[in-house]
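Here is a short briefing on one protein model. Keep the structure open while you read.

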Amino acid sequence: MEYPIEKLSALMWRNGIKIEGDHDFYCFCKEPAPVPAPSKNAHVIKYWEWYVQAHDLFRLYKKTELCTGDIVSVNLLALENDCDAVARLMAYCEFDDSEIQSRTISLSQRGWQKLTLEIPSDKYTYINIEVIPQKASILKGTWDGMAGFVDDFKIIR
């Protein structure tokens with residue numbers, strides 16, 4: 001069975017310190033897919049973050065019950081990205097601070113890319129898409145940050 005993940009939240013860290021603020025209040029919306037989505041969905045989730053620095057850690061996350069053998073997958077696309085960001089999936093356990101990560105992909109290309117992560121045990125309670133800018137955004141007068149699109153974020157049981 002497949003379970004779509006909806007109602008994501010967002011947090012950002014800089015130099016290991018959480019940047020306070022209600023990030024998920026202003027950095028998500030549904031928009032028409034800018035290029036055809038792999039899922040064939042007409043609308044996808046757009047995320048954005050302002051004034052990012054190199055190696056900030058921006059997490060789009062959901063607290064959920066993850067089980068041994070679950071496979072989490074997501075399609076990602078970046079079209080508005082002055083920061084050459086990379087992304088990966090990460091599962092986190094709040095009880096012992098352990099985590100597992102998928103491979104890392106570059107979001108500087110102009111095509112959908114898929115990430116997957118197999119869950120090895122029942123202890124993980126958060127699933128995250130981590131987006132990590134590789135350089136600071138530069139104020140250009142119209143846009144100063146990074147943005148991307150999420151399609152078909154799901155858990156396969």
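The protein holds 4 aromatic pairs. Rings of Phe, Tyr and Trp (its six-membered ring) count as a pair if their centres lie within 6.5 Å; planes under 30 degrees apart are stacked, over 60 edge-to-face, and the rest tilted. This is a predicted model: local features need pLDDT of at least 70, side-chain atom pairs count only at pLDDT 80 or more, and totals for chains, interfaces and linings use all residues. Residues are numbered from 1 along each chain as its sequence is written, and side-chain values use heavy atoms, with hydrogens and water left out.

**Aromatic rings**

- Trp 50 and Tyr 51 form a tilted aromatic pair, with 6.4 Å from centre to centre and 40° between the planes.
- Trp 50 is partly exposed, at 33% relative accessible area, and Tyr 51 is exposed, at 54%. (Buried means under 20% relative accessible area, exposed over 50%, and partly exposed in between, with a 1.4 Å probe and protein chains only.)
- Tyr 61, Tyr 92 and Tyr 126 make up one aromatic cluster.
- Arg 59 lies over the face of Trp 13, 4.8 Å from the ring centre. (A charge sits over a ring if NZ of Lys or CZ of Arg is within 6 Å of the ring centre and within 35 degrees of the ring normal.)

**Overall fold**

- The protein has 1 helix and 13 strands. (Helices are DSSP runs of H or I with at least four residues, strands are runs of E with at least two, and both are numbered from the N terminus.)
- The radius of gyration is 15 Å, close to the 15 Å that the globule rule gives for 157 residues, so the protein is as compact as a globular protein of that length. (The radius is taken over C-alpha atoms; the rule is 2.2 Å times the number of residues to the power 0.38.)
- The C-alpha trace spans about 45 × 40 × 25 Å along its principal axes.
- Buried residues make up 48% of the 157 residues.
- Of the contacts between residues at least 6 apart in sequence, 76% join residues at least 24 apart. (Contact means heavy atoms within 4.5 Å.)

**Nonpolar cores**

- In soluble globular proteins, nonpolar side chains tend to be buried together.
- The largest nonpolar core has 36 residues, and among those touching the most other members are Phe 58, Leu 60 and Val 131. (A core is a set of buried Ala, Val, Leu, Ile, Met, Phe, Trp, Tyr and Cys residues joined through side-chain atoms within 4.5 Å.)
- Elements giving two or more residues to this core include strand 6 (57-63), strand 7 (71-81) and strand 13 (145-156).
- A second, separate core of 7 residues includes Leu 11, Trp 13, Leu 57 and Tyr 126.

**The loop between strand 6 and strand 7**

- Asp 70 is found in this loop and is buried, at 3% relative accessible area.
- The side chains of Asp 70 and Arg 157 are joined by a polar contact of 3.0 Å. (That is a pair of N or O atoms within 3.5 Å; within protein, one must be able to donate a hydrogen and the other to accept it, and residues adjacent in sequence count only if both atoms are side-chain atoms.)
- Leu 66 is in this loop too, and is buried, at 1% relative accessible area.
- Beyond its neighbours within four places in sequence, Leu 66 is in contact with residues including Val 72, Tyr 126 and Arg 157.
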